[in-house]
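Please look over the sequence and the fold shown here. The report below walks through selected parts.

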Amino acid sequence: MSIERVDAAGRRRGADLLVEVLRSEGVRYIFGNPGTTELPLIDALTEAPDIAYILALQEATAVAMADGYAQGARRPAFLNLHTAGGLGHAMGGLVNSQVSGTPLVVTAGQQDLRHALTDPLLMGDLVAIADPVMKWAREVTSPDQIPILLRRAFHDAGAAPSGPVFLSLPMDVMEAMTAVPAGETSTIDQRAVAGSLDRLAQELAAIAPGRLALIAGDEIDASDASAQMVALADLLAAPVYGSSWPAHIPFPTAHPLWAGNLPTRADAIAEILGRYDAVFALGGKSLITVLYSEVSAVPPGVQVFQLSADVRDLGRTYATSLSTVGDIRASLDALLPLLAPRLADRADAFAALRAQAVTARVERRAKLAAAADAAFADPVIAPLVAAREVARAVGAETTIVDEAPATLTHLRTFLDSPSAHQYAAMRGGVLGWGMPAAVGFSLGLDRAPVVCVVGDGAAMYSPQALWTAAHEKLPVTFVVINNAEYNILKTFMKGQAHYASVRANRFIAMDLTDPRIDFLALAASMGVPARRVTAAADIAPAIEAGIRSGGANLVEVVVRAT
């Protein structure tokens, strides 16, 4: 820190103290879009070359970038927004982060409090605005509070249940001088082992082979427990289903026991779970439904067992035979040795189930391939074919960030990776996450290649991410699945025979035509090379070339409309 930033008493500005704390917390990036109230922090970064400011061109874009970074790096991200207006722009993205449980330290500049009574421009009750989507929110009223409140924010954002927290940073606080030390980072082991594991082992062992299903929730990814989840599945020879509306697929999609993600209607979930006597759900919020159906997702007579670090999700909706609170990785490390001896006398039965799973997987994938082959020569690319070709081009290792409803379900069925960290999707349901999240994922994975698959409608919510990807020279390939419509909405409407829209064959506000969006021109305007693909055979070569380029690029894939 230069002498100009320290006064005769050894004091420095609140903004400089904040940067000190960020550095000690291991922060490498600040995501944001600055305004007047953020300028003290921007100025303090001038002498902090080890902390990069990732410029987004709109606040919702900045939120999703930070969200993607936090998920990719598995650590809290630091986000700086612009007072009430910027925080307002960011709210949709923050809803996504809240639902996904993404650990974010969210800050926003606030007007100088010394003239708050005069209702100056840019003044707003930031704490009240932020509070509904935060674990907690408060305003810093003295630079002396910065170390404690900022370290508390980093801790609480990552502590179960993880999620965003908020600090308002008034300009006068950031400019005020303080001699308070930055302090030190605390070491906190949050991996608590669940209780009643001996009873859980006994209950699981009592279920007949082939009559138990496992549900792999998003917490497995956050806990880095995929290896333990694989060991549990192998031990029980139990099929593993993903959450109905996941942020991640935390189980290797190449594993024979992987059974795919659950559907999003309760009646369809019940049809699957009804094949079993019991389900063991690891991680909360695994049975999210989208459209209403009259039946329960868990049929009568099916026992439910749960393990989660978030006590609020245990027994919340469905009665459970046993739910226990604990970190998934630490708890499975303790459970597996208790379970294995109880299953030893049925080793042959479990071995037979594992062999059946291998055969069933081969048959299932052959059927998928045949369906894609049959439609490969269609004059307009079918979504099923587009999904197969995307999966083929991306391969088993490159990270996929998915926000393309037309191909999303198909793409998940074609994934074939030994990694449990390849795939991420938008769990919150607020569009505009995918493109900027892909930028954040690349940064969180030390600038590794990422492929973002995004629908044409979703792409228009946050296309500014293209500029940041180009500006940061990130190896992100954006694959825009373009059917020139809001496919998921139109498909739903066509399934409602009583709708006037169906009788008239007229779907208001569903088509992105007259004019069609020119994604090549849009990409070019932000410095991103792009190409359009209209033939199935050209999809994989275009994506492979994009990944090999090592830079930001866009591939538009024109697919069949509804």
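Helices (H or I, at least four residues) and strands (E, at least two) are DSSP runs, numbered from the N terminus. Residues are numbered from 1 along each chain as its sequence is written. The model is predicted, so local features need pLDDT of at least 70 and side-chain atom pairs count only at pLDDT 80 or more, while totals for chains, interfaces and linings use all residues; side-chain values use heavy atoms, leaving out hydrogens and water.

**Glutamate 389**

Glutamate 389 sits in helix α14, which covers residues 383-394. Buried means under 20% relative accessible area, exposed over 50%, and partly exposed in between (1.4 Å probe, protein chains only). Glutamate 389 counts as buried because its relative accessible area is 1%. Leaving aside residues up to four places away in sequence, it touches Phe376, Ala536, Ile539 and Ala540. Contact here means heavy atoms within 4.5 Å. The side chain of glutamate 389 also makes a polar contact with the side chain of arginine 388, at 2.7 Å. A polar contact is a pair of N or O atoms within 3.5 Å; within protein, one must be able to donate a hydrogen and the other to accept it, and residues adjacent in sequence count only if both atoms are side-chain atoms.

Strand β20 spans residues 553-558, and six of its six residues are buried. Asn553, Val555 and Val557 point one way, while Leu554, Glu556 and Val558 point the other way. Two strands pair if DSSP finds at least two bridges between them.

| Strand | Partner | Sense | Bridges |
|---|---|---|---|
| β18 (476-482) | β20 | parallel | six bridges |
| β19 (530-533) | β20 | parallel | four bridges |
| β9 (212-216) | β12 | parallel | five bridges |

Isoleucine 481 has valine 557 of β20 as its bridge partner. Arginine 531 stands opposite valine 555 in β20.

Arginine 532 lies in β19. This residue is partly exposed because its relative accessibility is 40%. Its contacts beyond four places in sequence are Asp518, Leu520, Glu556 and Val558. With glutamate 556, the side chains make a polar contact at 2.8 Å. Leucine 520 is 12 residues away along the chain from arginine 532, and their C-alpha atoms are 7.2 Å apart.

**The six-stranded sheet**

Six strands form an open parallel sheet in the order β11-β10-β9-β12-β13-β14. Its edge strands, β11 (258-261) and β14 (322-325), each pair on one side only. Within the sheet, alanine 216 stands opposite leucine 282 in β12.

**Helix α12**

Helix α12 runs over residues 328-343. Its 16 residues reach 21 Å from first C-alpha to last, close to the expected 22 Å. That expected span is 1.5 Å times one less than the number of residues.

Among the buried residues of α12 are Ile328, Leu332, Leu335, Leu336, Leu339 and Leu343. An α-helix has 3.6 residues a turn, so residues three or four places apart point the same way. The cover over the buried residues of α12 includes α8 (197-205), α10 (226-236), β12 (278-282), β13 (303-308) and α13 (347-375).
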